[in-house]
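My plan is to look up a few overall features and then the space inside.

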Amino acid sequence: MSEQKTIRLVVTRQDGPNENPYKEEFVVPYRKNMNVISAFMEIQRNPVNAEGKKTTPINWESNCLEEVCGACSMIINGRPRQSCTALIDNLEQPIRIEPMNTFPVLRDLIIDRGRMFDALKKVKAWIPIDGSHDLGPGPRQSEEEQQWRYELSKCMTCGVCMEACPNVSGKSSFVGPFAVGQVALMNSHPTGAMRAQERMEALISDGGLQECGNSQNCVRACPKGIPLTKAIATMNRAATKHMFKKWLDF
């Protein structure tokens, strides 16, 4: 790869939410240790396509450039992933780049991830703390519990697990693997557990756990290596106990 002088990219573009997508090819100068975003920046500096025609710069989202914010998710050579860690040297050319199909496209590679934040609201993926006074030290937690929660807390709402999941689509109301993982995180916290039943009610409602087909694509695709299938299994057990308790208390 280091002997090549140029990089070829085929980008699926879309001028607006209601416009038809089209493909445009670009050739940019190669530099060592480039990632996909570096190539986009080269196009931004000189927006000329492979035919030598002036065009508009590619629109994409990115913030941290170190796989923490989750904003730069897209499909690269058929695989949903973060473009900031997609190194040019490791990619087959021409590099084919598309927006994630699970979400509405706003423009080019910018998508609307609103359904993910709606899902977090639905499952109440937060811990409410009343007042701002010092509440003192929290309950002691084992190292094993802390490590489990730390793994779940890595979620950056990037949408890659949603794109990889065959049960998530425009016709599906499934909250998605990431939301189940966040319920597992909140319910395993000593303070968060006080509202665990509310979250379980959300998880057994429409679009909840019953929509998961256990394809395990999510855990393979997650850029942070979050144990999503373990979280889903944990929540399935908790949902079963929750349903039995409701039946016995009826």
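Among contacts in the chain between residues at least 6 apart in sequence, what share joins residues at least 24 apart? I found 60%, with contact meaning heavy atoms within 4.5 Å.

I note that this is a predicted model, where local features need pLDDT of at least 70, side-chain atom pairs count only at pLDDT 80 or more, and totals for chains, interfaces and linings use all residues. Residues are numbered from 1 along each chain as its sequence is written, and side-chain values use heavy atoms, with hydrogens and water left out.

Next, I looked up the overall build. I found eight helices and seven strands in the chain (DSSP runs, H or I of at least four residues for helices, E of at least two for strands, numbered from the N terminus). The C-alpha atoms fill a box of roughly 70 × 40 × 35 Å along the principal axes.

Then I checked burial. Of the 250 residues, 44% are buried, meaning under 20% relative accessible area with a 1.4 Å probe, protein chains only.

The structure holds two cavities of 30 Å³ or more. A cavity here is a set of points on a 1 Å grid over the protein atoms alone where a 1.4 Å probe fits but cannot get out, and lining residues have an atom within 4 Å of a point. The largest cavity has about 140 Å³ of space. It is lined by 17 residues, and C155, C161, F178, C222 and I226 are the closest to its centre. Helices α4 (160-164) and α5 (177-187) each give two or more residues to this lining. The largest share, three residues, comes from α5.

Notes: Buried < 20%, exposed > 50% of the residue type's maximum accessible area, 1.4 Å probe, protein only. 1 Å grid on protein atoms, 1.4 Å probe; cavity = no way out; pocket = protein on both sides within 12 Å on 5 of 7 lines; lining within 4 Å. Points joined across faces, edges and corners; volume = space filled by probe spheres on them.
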